[in-house]
Amino acid sequence: AMRTALVGYSSSEEEEEEEGGRQGCPQASAAAPRLPVPACVLDMFRDQEEEEEGADDSSKHGGRVRNFPHERGNWATYVYMPYEVQEDFLELLDLLVSHARTYVSSLTAMEEFHISLSQSVVLRYHWINPFVQSLKERLASFDRFFCVADQVKVYTNQNKNRTFIGLEVSAGHFQLLELVSEVDKVMEEFDLPTFYKDPSFHISLAWCVGDLTDSLEGQCLQELQDIVDRFEDSAHLLRVQWEQIRCKSGNKFFSFPLR
């Protein structure tokens, strides 16, 4: 389920998924000459020093994060607001995805839903706690708020090898920007990349490989928007009250309740 890591749509996570992240089997690092032991086997020897060296030197594999053993090396980390799914939402999702598949048959529905407040960044293991502590302090004073996510929109990731259909936020943008500005300050503290300028906040619904913008925009997009607008009670369904912010780092989750 690497899909969920695609939050920031940055090239590093893309390559992670396509280059073996899916099998949960990191490639061996070329850091030290040795016999070609399969990477999955190396992964079992969690105490190997050279494994850690390979994990640390992200420059050797283009800054990508791989599934290194926990407590070692780099942890893919991102900050987001989880959307708790109701049955009605899944019905709407099903209508949208099955209609969009008449244009692009390879679309896959997402399995979890959220609004991203950061790109996916790489944290050293010993930075996780201070990072989370800093987030907690900066986010402590935020109140709960509503936003409306009801505008169907097509997105691609930065290197255009993946396309997403999402619901863009049409109300609540200002509060989201305020949150991002606090998250950005934490990123700067740890010398990590901040969020995109002028972000389009959205809940991703489905994705496919390749740049299929042309097939999905125009007529398809208009029809998807009509489905949303006509869906019974969609105004209520897509008005979301955000109650918490979450940070996922490797396999750990941290939650920050809004007041």
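Student: What percentage of the 259 residues in the protein chain do buried residues make up?

Tutor: Buried residues make up 49% of the 259. Keep in mind that this is a predicted model. As for secondary structure, the chain has 9 helices and 10 strands.

Student: What is Phe-131 in contact with, leaving aside its neighbours within four places in sequence?

Tutor: Its partners are Thr-77, Leu-123, Val-186, Met-187, Phe-190, Leu-192 and Cys-247. Take Met-187: it lies 56 residues from Phe-131 along the chain, and their C-alpha atoms are separated by 8.4 Å.

Student: Which residues have the most contacts inside the largest nonpolar core?

Tutor: Phe-131 is one of them, along with Leu-117, Leu-135, Leu-205, Trp-242 and Ile-245. That core has 65 residues.

Student: Why does Ser-134 count as buried?

Tutor: Ser-134 is also in helix H5, which covers residues 128-139. Its relative accessibility is 7%, and the cut-off is under 20%, so Ser-134 counts as buried.

Student: What makes the link between Ser-134 and Glu-189 a polar contact?

Tutor: The distance is one part of it: the two side chains are joined at 2.8 Å, and a polar contact needs N or O atoms within 3.5 Å. Not counting residues up to four places away in sequence, Ser-134 touches Val-186, Glu-189 and Phe-190.

Student: Is Thr-213 buried or exposed?

Tutor: Buried. Thr-213 has 16% relative accessibility; the limit is under 20%, so Thr-213 counts as buried. You'll find Thr-213 in helix H7, residues 213-216.

Student: Which side chain makes a polar contact with that of Thr-213?

Tutor: That's Asp-211, at 2.4 Å. Setting aside residues up to four places away in sequence, Thr-213 touches Val-154, Thr-156 and Thr-163.

Student: Which residues is Leu-96 in contact with, leaving aside neighbours within four places in sequence?

Tutor: Leu-205, Leu-224, Ile-227 and Val-228. Leu-96 and Gln-225 are 129 residues apart in sequence, with 8.9 Å between their C-alpha atoms.

Student: What share of the contacts between residues at least 6 apart in sequence join residues at least 24 apart?

Tutor: That share is 75%.

Student: Now the strands. What makes E6 and E7 a pair?

Tutor: Bridges. Two strands pair if there are at least two bridges between them, and 7 bridges join E6 (residues 162-171) to E7. The two run antiparallel, and Leu-167 stands opposite Ile-203 in E7.

Student: How many bridges pair E2 with E7?

Tutor: There are 2 bridges, in the antiparallel sense, and the rule asks for at least two. E2 is residues 108-109, and Ala-109 stands opposite Ala-206 in E7.

Student: Why is E7 described as mostly covered?

Tutor: Count its residues: 7 of the 8 in E7 (residues 202-209) are buried.

Student: How many aromatic pairs are there?

Tutor: The count comes to 9. One of them is Phe-89 with Phe-113.

Student: What makes the pair of Phe-89 and Phe-113 edge-to-face?

Tutor: The ring centres are 5.1 Å apart, and a pair needs them within 6.5 Å. The planes are at 75 degrees, while edge-to-face means over 60. Phe-89 is in helix H4, whereas Phe-113 is in the loop between E2 and E3, 24 residues apart.

Student: Where does the charged end of Arg-239 sit?

Tutor: Over the ring of Phe-146, 3.8 Å from its centre. The distance limit for that description is within 6 Å.

Conventions. Residues numbered from 1 in each chain as written. Predicted model: local features only at pLDDT ≥ 70, side-chain atom pairs only at ≥ 80, totals over all residues. Heavy atoms only, no water. Core = buried A, V, L, I, M, F, W, Y, C linked by side-chain atoms within 4.5 Å. Buried < 20%, exposed > 50% of the residue type's maximum accessible area, 1.4 Å probe, protein only. Contact = heavy atoms within 4.5 Å. Helix = DSSP H or I, 4+ residues; strand = E, 2+ residues; numbered from the N terminus. Phe/Tyr/Trp six-rings, centres within 6.5 Å; stacked < 30°, edge-to-face > 60°. Lys NZ or Arg CZ within 6 Å of the ring centre and 35° of its normal. Polar contact = N/O pair within 3.5 Å; in protein donor to acceptor, adjacent residues only side chain to side chain.
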